[in-house]
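Hello,

Here is the structure I promised to pass on to you. Please open it beside this message and follow along as you read.

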Amino acid sequence: MNKNISVAVTSRSFSKNTILRGELLSKYKNVTFNDQGLKLQGDSLVEFLNGHDKAITALENIDDSVLGQLPTLKAISKYGVGLDMIDMEAMNKYGVKLSWKGGVNRRSVSELVISFSIALLRHVPASHREVLSGTWRQHVGGHLSGKTVGIIGCGFIGKDLVKLLQPFGCPILVNDIKRYDDFYEQYNIKAVDKEELLSKSDIVTLHVPLDGSTENMLSSERLALMKPTAILINVARGGLIDEEALKNMLLDGKLAAAALDVFAIEPPQDKELLKLPNFIVTPHIGGSANEAILAMGRAAIDGLDCVNDE
């Protein structure tokens, strides 16, 4: 046990998990958990991390203004996927080391995409709301089987989604800044540009980080390329989609349906969008499966050892 090393855990889901707490405390005696369930940012984040040697962080923004006030912090272990919340230049500037393991929640996210796809194809949200309001009528939907699925971002989660889609016999189009030719050949995938993917897909799902190259990736102009019968899913990062344009397309019948687990501002404030019958909203639950929480947490615990304790 590392008795002299202090660790701060900013993640709320990690802090609430008794198994992860026990496994971390078996290695580190001096641990501060986010037991109050605080959304830590700016000054509150600095105050929480202050005086600690190591930290397990999740969706908190770690930048120069934060790290510059944390002289004792030696290492950050990332809980969850994606590094867009961490300023790597600032990490290097202050000599803070980073540990991160990609893809640990891939199955949790890819299964959510499948559930969204089927729910929207079968009009589950609209049917549910109508029954609750006293209307009993059958909606005629469609199969996921055979639908063309466009995956923007074919990393850990995109690849896992490809594997889950195999029994459905879906033609798959992908767009990624990297080439995975062996994988594409193995699963009979066609790599295309974004415009072709958007215009030909029945379901479009996003699996990219948020950075300068992806922000507002699906602008109003690109959204307009999608079929009026298509479905859009984003379980990656908020800020990738022009949410106002998306709402207008859903209202005008220019897009069949959409599901968002992430938003540019969370929680989202656009009540008109949230109440649409052809729209599913969830509160950033992509990685919130028990199995994923344990996998992400254990990877983060292991990552704390990226810096010697001396």
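Below are some notes on what turned up in it.

First, the ground rules: this is a predicted model, where local features need pLDDT of at least 70, side-chain atom pairs count only at pLDDT 80 or more, and totals for chains, interfaces and linings use all residues. Residues are numbered from 1 along each chain as its sequence is written, and side-chain values use heavy atoms, with hydrogens and water left out.

Let's start with the sheet. Seven strands form an open sheet with parallel pairing, in the order β8-β7-β6-β9-β10-β11-β12. Its edge strands, each pairing on one side only, are β8 (190–191) and β12. Strands here are DSSP runs of E with at least two residues, helices are runs of H or I with at least four, and both are numbered from the N terminus. Two strands pair if DSSP finds at least two bridges between them. Between β7 (residues 172–175) and β8 there are two bridges, in the parallel sense, and L173 stands opposite K190 in β8.

Two helices pack on this sheet. Helix α6 touches β9 (203–206), β10 (231–234), β11 and β12, and its direction makes about 150° with that of β10. Helix α8 (residues 156–165) touches β6 (149–152), β7 and β9, with its direction at about 165° to that of β6. Contact means heavy atoms within 4.5 Å. The axes are lines fitted to C-alpha atoms, for helices over the stretch in contact, and angles run from 0 to 180 degrees between N-to-C directions.

Next comes α7, whose buried residues are P125, A126 and E130. They lie on the same side of α7 because they cover an arc of only 125° around the axis, the arc being that of the directions from the helix axis to the C-beta atoms. Among the elements covering them are α6 and β12. Buried means under 20% relative accessible area, exposed over 50%, and partly exposed in between (1.4 Å probe, protein chains only). After α7 comes G134, with a positive phi near 100°.

Some backbone details are also worth a look. H123, in the loop between α6 (106–121) and α7 (124–132), has a positive phi near 60° although this residue is not glycine. H123 counts as partly exposed because its relative accessibility is 30%. H284 sits in the loop between β12 (279–281) and α14 (290–303), and its phi is positive too, near 55°. Finally, a cis peptide bond joins E266 and P267, with omega about 0°; P267 is in the loop between β11 (257–260) and α13 (271–274).

Best wishes
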